[in-house]
Amino acid sequence: TYLIAYTAYGDGTANPTACSNATACGPTWPHCSRCCKSTKTKVVMSKTPEVASSWVRVNRTGDVGFDAKSTATLVRDTPPHFQWTGTGSVRSWQSNDLLHWTAAEDAIVGRPGSFDPGYCEAGAPPVRLADGNYFTTYDTIIGSQRHGWAAGWVVLNGSNPREVLQRGGEPLVEPTRPWELQTPPQWNWTQAVQEGGVPMIGATNGLMPLGGDVFLAWACASDSVVEAFEVRVTKW
């Protein structure tokens with residue numbers, strides 16, 4: 001069975017024509033929030049992913065916040081299963097059936113004085129390392145010594161994935177490439193529009209094992225380009 005988590009914006013009061021209305025839309029989040037009053041994670045599943053019509057929405061429930069924006073799920077051979085959610089700080093959740101999520105705990109929060117002093121957002125579903133532990137990513141707004149968004153990393157305990165064994169002291173990746181350094185002027189979104197375009201590597205939501213603790217990672221550069229890069233875990 002395959003699961004896909006995605007972010008859904010808007011609610012019953014959203015106006016789908018607002019973005020074509022010059023008086024309603026604008027370059028800041030207060031303007032944009034007129035359309036996007038709600039941001040939630042939704043999940044779909046399929047046993048035959050190549051068949052578009054086979055995907056069905058999963059009716060999930062849980063404690064308040066279980067469906068927050070940005071969700072990375074760890075499905076294990078036997079319960080409990082785990083997920084990480086949230087923007088601002090990342091929380092971990094537990095489930096025995098992948099349907100009902102409870103027992104939230106703080107997992108990844110800002111570290112004053114580090115490259116990730118405040119905002120942190122859930123990243124990729126954790127992947128297994130050769131030693132049995134897990135590797136995963138998170139998104140963050142870089143501190144005062146730099147500018148923009150970047151990706152951090154953590155290693156989680158293989159026996160208790162809610163425990164962080166190690167966390168990087170420097171970003172896994174940060175904006176350096178031309179397509180990462182400036183948001184195109186036609187794109188309006190959150191921090192980018194508030195600051196007039198910021199260097200950005202965000203949405204590090206995919207890790208694919210290539211063998212030998214090497215992974216292919218996906219990320220979003222400047223909220224307009226999907227990029228891929230190789231991650232090699234050699235020592236932690």
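Modeller: Start with Phe 135, which has a relative accessible area of 3% and is buried. This is a predicted model, in which local features need pLDDT of at least 70 and side-chain atom pairs count only at pLDDT 80 or more, while totals for chains, interfaces and linings use all residues. Residues are numbered from 1 along each chain as its sequence is written, and side-chain values use heavy atoms, with hydrogens and water left out.

Colleague: Why is Trp 153 called buried?

Modeller: Buried means under 20% relative accessible area, exposed over 50%, and partly exposed in between (1.4 Å probe, protein chains only). Trp 153 has 18% relative accessibility, so Trp 153 counts as buried.

Colleague: What makes the pair of Phe 135 and Trp 153 stacked?

Modeller: Rings of Phe, Tyr and Trp (its six-membered ring) pair if their centres lie within 6.5 Å; planes under 30 degrees apart count as stacked, over 60 as edge-to-face and the rest as tilted. For Phe 135 and Trp 153 the centres are 6.2 Å apart and the planes at 25 degrees, so the pair is stacked. Phe 135 lies in strand S12 (residues 134-141) and Trp 153 in strand S13, so the pair ties together parts 18 residues apart in sequence. Strands (E, at least two residues) and helices (H or I, at least four) are DSSP runs, numbered from the N terminus. One aromatic cluster is formed by Phe 135, Trp 153 and Phe 215.

Colleague: How many aromatic pairs are there by this rule?

Modeller: The count is 4 aromatic pairs. In one of them, the rings of Phe 82 and Trp 84 have centres 6.4 Å apart and planes at 40 degrees, so this pair is tilted.

Colleague: Are Phe 82 and Trp 84 buried or exposed?

Modeller: Phe 82 is at 4% relative accessibility and therefore counts as buried. Trp 84, with a relative accessible area of 6%, is buried too.

Colleague: What makes a set of residues a nonpolar core?

Modeller: The set must consist of buried Ala, Val, Leu, Ile, Met, Phe, Trp, Tyr and Cys residues joined through side-chain atoms within 4.5 Å. The largest one here has 16 residues, and those with the most contacts inside it include Phe 135, Leu 207 and Phe 215. Among the elements that give two or more residues to this core are strand S13 (149-156) and strand S15 (201-209). A second, separate core of 13 residues includes Trp 84, Ala 107, Ile 108 and Ala 122.
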